[in-house]
Amino acid sequence: MANIHIDKDAFVRRLKSLYSTWNKPSDDDALAKADVIIVANGQDEEVVYSKTTSIQSWLFGYELADTLMVLCEKYLYMLASKKKIDFLKQVDGGKENEGGLPSIRLLVRDKADKDKANFTKILEAIKKSKKGKMLGEFQKDKFPGEFMDAWRSALKGGNFEKVDVSSSLAVIMAPKEESELRLIQKACSATCDVFSKYLKEQIMEVIDADKKVKHSKLADGVEQALKNKKFLPAGIDVSQLDMCYPAIIQSGGKYSLKFSTVSSDDNLHFGTIICSMGLRYKSYCSNIVRTIMVDPNDKMKECYELLLEVEEEILKTLTHGAKLGSVFEAAVKIVKTKQSSLLDKMTKTIGFAMGLEFREGALLITSMSDVVAKKGMTFNVNVGFSDLANKESKDAAGKTYALFIGDTVLVNEDSPASVLTNSKKRWKHVGIFLKDEDEVEEEDNEEEEKEAAPEMLGRGRRNAVLENRTRPDATTEEKRLKHQKELAHRLNEEARERLRGIQTGGDGKKLRKSNVSYKSISHLPNETEVRELKLFVDKKYETIILPIFGLPTPFHISTVKNISQSVEGDYTYLRVNFFHPGSALGRNEGNLFPQPDATFLKEITYRSSNTKEPGEISAPSSNLNTAFRLIKEVQKKFKTREMEEKEKEGIVKQDALVVNPNRGNPKLKDLYIRPNIVSKRISGTLEAHTNGFRFTSVRGDKVDVLYNNIKHAFFMPCDGEMIILLHFHLKHAILFGKKKHIDVQFYTEVGEITTDLGKHQHMHDRDDLRAEQAEREMRQKLKSAFKNFCEKVESLTKNQVEFDTPFRELGFYGAPYRSTVMLQPTSGCLVNLTEWPPFVISLEELELVHFERVSFAIKNFDIVFVFKDYGKKVAMVNSVQIQVLDNVKEWLNSCDLRYTEGVQSLNWTKIMKTIVDDPEGFFDNGGWSFLDPESDNEQEEESDEEDDEFNPSDEFEGSEEESSEDYSEESDWEEEEEDSDEEEELDSSEESGKDWDELEEEARKADMERDQYGEEEEPRDKRKQGKHKSSGSSKPSSSAKHKSPHKSPHKSSHKSPHKSGHSSKDRGRDRDSPKKRKHSGGDGGRDKKRKK
């Protein structure tokens, strides 16, 4: 038990709540009589629910067998084995009666004297607690075992009286904390998923196939489904999941609306089917009850609608401060008013509190209950009608039926109770309608009947379908498109409003920092070089002093762009280039100077002799050499400092880390950090403190990540990966390793990333098998350690930090940077964390998603992520396989994100600049609708309708033929190319003998003929008689003179003034037409040449 930890804060809170109620109880409370409270747990694995184990789980988070806990007025005694006492030492604060808490006394069991000495100590403490007579205990809890027998015999000699305090403690434990509610919500989510994805589907298949399946077999299948992750929500630990009770399936006229019922061995009857099931997650319970009806009549529908109304009234009445008896009365009133005959058939209990115990007997919603509901309590509301008659039933088993619905709900302060089991229960979702084949054929022929009764859906005999199973392929796309239309409308409105609030009149351009070397001439250094008008470098003020027109002139090092030195003959040249407006074209730096209209020095060159004159210590050029070296040094130092300041620019000052000295802090050892602190990777330890994490490397480097600066926290298990990691995406960048970082990652390797190919010659080598087994064990061990760390951190931070795990099964490959990686969705992001740099897109920051290059002819497409902050550069993922397009669309649609698609790649830099420059104009012109393919489709459809309605005249037919002649023009080029080889062979000697004059004469004649054909308007009949041999395939001409009446078979996602492509019908018409068409333009010239 060394690795198991107790949430000490929760223990202190809950124990204080218990003692405060005990010290100030109400007069009718059993706690008022009790002098001590005894919680004694023995060994009985068959007991699932008991007040004793519930108290232990509530205080410590675990059940402790053979453990005695005695709550006295000032002391809390715990007697257990040495291992359990070591575990319980975590709650021993050692401070006497701090804040109304008792002092904890831990006693280790002594099996030598059968705990007689320990029992004596405890009995003495009992006698000193208050009056020392009345023992508060749980009368129903009678645990067997040697330890419990010894304790009961020790109590007999004390002449104590006993009182049952079960109900009192149930009321104390009923209001749930946030951490408890999260566990109940997970349990409810798992219950709904198993019911809808497994049990409901199984029942549907049985009815569909007309099978005979026993109730008990269906119930057993539910328990098996808990082991299959595909029926469970993501993020659920399967090992912590269990059934609250065996699932109950009832049909065929035999119904018992109780949760103690067992599923019978009778076959499922296709009438009224009642399903009850509940799962518990980490000991916290949930429950759901649904009634499925096959071919129900109007009377059954009326009763079921009333039952739903009753449940709605219960939820409205069940609020903070309401008596449970008044909730029951409200339900009765509805039934009396609507259908009083059903009052006797209604269940006598319409709900009960639940939590660590499935059914809390002290908190039942009945007519006699005076208990007051409190905010945070969770109830299982279940109401039903039994022994109802169905006279229209064709078989005896269906003559009697019952209706039963139930949900797990949470009590709120001022609003109705919230339903936590959100599985659909409306009439249209639970009604199954079986139809004969003749009826189905009739319905297929009559569309009006389908529209009038969309709920009455069905297929062949005994083929039952619920509404959500009818034509899933068709309706999914329709629903998605409908939802996307709603999002598109909402998107433009929200974006316009958001931009109105953000717009400011200020200009965001940065000015170059103006560095002043000296405030006045008196501050110039009084150095020999300055007086002698030589070049001088002032390291202190980072300034170079240059002699210009006989005056020493200072220039700050920031004004120097670069310097160069060269030696030519007897002279050394030093050239200095300065920054000035226009010196950095293409980077928009022309207007970054404070005074761009001032006079700037562009460059200056100094020349000095290399010849040393007699009497000189060194050559004059030594001054230039020294200046060159010093300028380089000062410039390097200045640039380094400027770069560091630039890195620190966006840094938001963080709070100081509050170090928790407790050794029990959540901790992970032997982790590496990314990005590296230094060039070489260094391992270290990650530890969670009061307000943040601290990573300490082996050489002493420290990196602090505060909880309030974490935007997203991810835990990536090692399933299918070579590393296991924790990743933090931050709100504000932090500085370490002299750079700022927005992403910090801690990871460790789980196996050998490199493999020695030489050692794998024998596939079944024992050493290899042993190594594989060791790696599997290592993976499991690391996964468990990281998971425990995450859970402890979530508990420590009160879920301020919640770790999200990517859904690997929804992942797809793409290239956000240079390499292709696997991108995986999480509950709020799209991430790739295994490769560096990481890719993290937060969905809440996205405006819309656009798919580029979406075409059947291309195997890949690109995804563009446009952020709500239009000033931020769009993110792109390239080379995503076209097969995953539908999956990505479905995922985005489920996240309420607008997506569009198109064939072309767009220039997003220009688009975003246009939007930022004039947002009002952008949204006035339709906003993001320019990406919507439907806008083009609508225009095309309208133009199609116009074309269909238009009746062409004779003149138009003539022009159409001209255009088709243009279309066949290119086909003749193909014929000409086929004959070109022969022509080249035959005419090569002829052509080679012609001079330039002859060739020019031929060209002039050809031009004249072309002009003649182009300008002359021939009669229509004559054009029809012209003969021309056309090839089989015709292509559209690029001429803009004729507008093609044909539409492209592929619809483009972007607006284009031209429409291209032929329909197959038109192509066939051109090919098979008996009329021979004559070329317009210069084709006659080409025909003439071919005849030669």
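Modeller: Gladly! We start with the word "axis": an axis is a line fitted to C-alpha atoms, for helices over the stretch in contact, and angles run from 0 to 180 degrees between N-to-C directions. Helices (H or I, at least four residues) and strands (E, at least two) are DSSP runs, numbered from the N terminus. This is a predicted model, in which local features need pLDDT of at least 70 and side-chain atom pairs count only at pLDDT 80 or more, while totals for chains, interfaces and linings use all residues. Residues are numbered from 1 along each chain as its sequence is written, and side-chain values use heavy atoms, with hydrogens and water left out.

Colleague: How many helices and strands does the protein have?

Modeller: The protein has 26 helices and 40 strands.

Colleague: Why are α4 and α5 called oblique to each other?

Modeller: Helix α4 covers residues 116–128 and helix α5 covers residues 146–156; they pack at an angle of about 45°, with their axes 11 Å apart. Angles under 35 degrees count as roughly parallel, over 145 as roughly antiparallel, 65 to 115 as roughly perpendicular and the rest as oblique. The pair α4 and α5 is therefore oblique.

Colleague: Which hand does the crossing of α4 and α5 have?

Modeller: It is right-handed. A crossing gets that name if the near helix is turned clockwise from the far one by less than a right angle, and is left-handed if anticlockwise.

Colleague: Which residues of α4 and α5 meet?

Modeller: F119, I122, L123 and I126 in α4 meet F147, A150, W151, A154 and L155 in α5, where contact means heavy atoms within 4.5 Å. By class, this contact has nine nonpolar, no polar and no charged residues. Ala, Val, Leu, Ile, Met, Phe, Trp, Tyr, Cys and Pro count as nonpolar, Asp, Glu, Lys and Arg as charged, and the others, Gly among them, as polar.

Colleague: How do α7 and α8 pack?

Modeller: Their angle is about 145°, and their axes are 10 Å apart. The crossing of α7 and α8 is right-handed. On the α7 side, V194, Y198, L199, Q202 and I203 take part, and they meet L218, G221, V222 and A225 in α8. That contact has seven nonpolar, two polar and no charged residues.

Colleague: What makes helix α6 mostly covered?

Modeller: Buried means under 20% relative accessible area, exposed over 50%, and partly exposed in between (1.4 Å probe, protein chains only). In α6, residues 166–173, six of the eight residues are buried: S166, S168, L169, A170, I172 and M173. Their cover includes α1 (8–23), β1 (36–41), α2 (51–60), β5 (134–137), β6 (161–164) and β14 (360–364). For the protein as a whole, buried residues make up 44% of the 1092 residues.

Colleague: Why does L892 count as buried?

Modeller: Its relative accessibility is 1%, and so L892 counts as buried. L892 sits in helix α18 (residues 885–894). Leaving out residues up to four places away in sequence, L892 touches V849, F851, L897 and Y899.

Colleague: And D597: is it buried or exposed?

Modeller: D597 has a relative accessible area of 77%, which means it is exposed. The loop between β23 (571–578) and β24 (603–609) holds D597. D597 and P581 are 16 residues apart along the chain, and their C-alpha atoms are separated by 9.0 Å.

Colleague: What makes the phi of D210 worth a mention?

Modeller: Most residues other than glycine have a negative phi, and most peptide bonds are trans. Phi of D210 is near 55°, a positive value in a residue other than glycine. D210 is found in the loop between α7 (178–209) and α8 (215–225), and at 42% relative accessibility it counts as partly exposed. D896 also has a positive phi, of about 60°, although it is not a glycine. D896 lies in the loop between α18 and β40 (899–901) and is partly exposed, with a relative accessible area of 44%.

Colleague: What kind of peptide bond joins W836 and P837?

Modeller: A cis one, with omega about 5°; P837 is in the loop between β35 (829–832) and β36 (839–842). The bond from R674 to P675 is cis too, with omega near -5°, and P675 lies in the loop between β25 (667–674) and β26 (683–688).
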